[in-house]
Amino acid sequence: MKFPGSVLVSLVLFVAETAAALCLSGAYRAAGDRMWQWLTLLFALLPCALVQLSLVFIHRDVSRDRPLVLLLHLLQLGPLVRCVEVFYIYFHAGRVEEPYVSITKKRQMPKDGYSEEIEKEVGQAEGKLCTHRSAFSRASVIQAFLGSAPQLTLQLYICVLQQEITAARSIFMVLSLLSIVYGALRCNILAIKIKYDDYDVSVKPAAYLCIFMWRSFEIATRVTVLVLFSSVLQIWTLPVVLVNFVVFFFYPWILFWQSKSPFPENIEKALSRVGTTIVLCLLTFLYAGINMFCWSAVQVKLNDPDLINKSQNWYRLTVYYMLRFIENAFLLLMWYIYKTDIYLYVCAPLLVLQLLISYCMAVLFMLVFYQFCHPCKKLFSSSISEGLLSCFRFLCFICKPPKSTILTEKVEVKSPENTDEAWSSSKTTDSQKGNPHQSVSSNA
């Protein structure tokens, strides 16, 4: 049975970040910065409450008679209780013979074109551990993008305005960045396991390293760009954030309405239509929050029974990174034009170049992951290099004007000259016909 290390990492990051947020909020209160105090508390407690809701929802605690567990969730101690339960199950597994086991069938990765199917017995303890791992993975994603990402942006913005990085604030920002990167990593692993549920997926350490570097460069660059832009153009920060959020929030709903599929009813039997709508709205809310800071490896598809798009769409990936690079470059350009005196001792061109190179490094690690380190790369219908080449050909085909238009323009440009030449030649001929002596003399 696999050691539940992911559960322990999620709990450590959750507790450490929450404790650091409370300590920093107290420091802001002592300094008299009430606004920073309340914003820090808001970005700490809101995701904490959402994490409790997700754990309760996944374990179906409302329909079970567990009042003590519900009370501890209300006291924001749900992850601690779940972690204790996980390790209790892990250390007591195998001591008592289980009454029954379930048999799962998984296919191995294809070797030489062949894929074998393996049957595996899964006991009750292992099944419960799998449920706990899945619940903590989803909780880590919620904590990362609805709490840690806004928190990191806020604290870095305060550092820029006050031109000071304290020890407590730097530790808190490091914890927030680690939480975001870990949440993005869990999001990638979740996407792989959901898309290739029929296969026995084994993620190697090289894949974890590539994902970690990819997400670190991408998220750090994105947060820095947003902070720099908001520090000089505060009025335009809200429109930029709202446009990004609204586009990604309504995109799955627009695709769902275009498909004309029936409303999803199989999410949870105990939920009414209103409850299902609320759950779907929260899901798309999280999806928009992820795409605000980085590429969402899990693509929401509301008309699918699993609510996940299982196809590998290289076009969407290419368009996202191209548009995000253009947006980051534009925001940096606006910062460079309108930068204030607080950046007097900052080499602005070098900083812009470093941020753009960092984003390119993120794209490079992403390409390395999909090309060489993806655990299911043998199942791809086309590799990332082939997909990108086809994407660029498609974009060039769109940008290139059609040949008929070019020929028409050439004809239109040449037709006046040809008309003038024809008119002058016809005029000469007519004059020659009208004056035969002139033609004879010319011949003579």
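This is a predicted model: local features need pLDDT of at least 70, side-chain atom pairs count only at pLDDT 80 or more; totals for chains, interfaces and linings use all residues.
Trainee: Why is Leu75 called exposed?
Mentor: Set the value against the cut-off. Leu75 has a relative accessible area of 51%.

Trainee: Where does Leu75 lie?
Mentor: In the loop between α3 and α4, where α4 spans residues 78-92.

Trainee: What makes the nonpolar surface patch that includes Leu75?
Mentor: Seven names: Val15, Leu68, Leu71, Leu74, Leu75, Leu77 and Leu80. The patch covers about 660 Å². Members of a patch need over 30% relative accessible area.

Trainee: Which helix gives the largest share of the nonpolar patch?
Mentor: Helix α3, residues 67-74, with 3 residues.

Trainee: What makes the positive surface patch?
Mentor: Four lysines form this one: Lys111, Lys204, Lys377 and Lys378. Lys counts as positive, so the charge label follows from the definition.

Trainee: How do you know whether Lys204 counts as buried or exposed?
Mentor: Its relative accessibility is 62%. The cut-off for exposed is over 50%, so Lys204 counts as exposed. Lys204 sits in the loop between α6 (167-195) and α7 (205-232).

Trainee: Is Val9 called exposed, or partly exposed, and why?
Mentor: Partly exposed, because its relative accessible area is 37%. Buried needs under 20% and exposed needs over 50%. Val9 falls in between. Val9 belongs to helix α1.

Trainee: How many residues apart along the chain are Val9 and Phe136, and what separates their C-alpha atoms?
Mentor: They are 127 residues apart along the chain. Their C-alpha atoms are separated by 9.6 Å.

Trainee: Where is Gln163, and why does Gln163 count as exposed?
Mentor: Gln163 is in the loop between α5 and α6. Its relative accessibility is 54%. That is over 50%, so Gln163 counts as exposed.

Trainee: Which residues touch the most other members of the largest nonpolar core?
Mentor: Phe145, Ile219, Ile290 and Trp335, out of 57 residues. Core residues must be buried, and buried means under 20% relative accessible area.

Trainee: Which helices each supply at least two residues of this core?
Mentor: Among them are α1 (5-31), α2 (34-59), α9 (273-293), α10 (314-338) and α11 (348-373). Helix α5 gives the most, with 14 residues.

Key: Residues are numbered from 1 along each chain as its sequence is written. Side-chain values use heavy atoms; hydrogens and water are left out. Patches are made of residues with over 30% relative accessible area and no salt bridge: like charges are joined within 9 Å, nonpolar side chains (Val, Leu, Ile, Met, Phe, Trp, Tyr) within 5 Å. Accessible areas come from the Shrake-Rupley method with a 1.4 Å probe; for residues, only the protein chains shown count as cover. A salt bridge is a side-chain nitrogen of Lys or Arg within 4 Å of a carboxyl oxygen of Asp or Glu. The place of a charge is taken as NZ of Lys, CZ of Arg, CG of Asp or CD of Glu. Helices (H or I, at least four residues) and strands (E, at least two) are DSSP runs, numbered from the N terminus. Buried means under 20% relative accessible area, exposed over 50%, partly exposed in between (1.4 Å probe, protein chains only). A nonpolar core is a set of buried Ala, Val, Leu, Ile, Met, Phe, Trp, Tyr and Cys residues joined through side-chain atoms within 4.5 Å.
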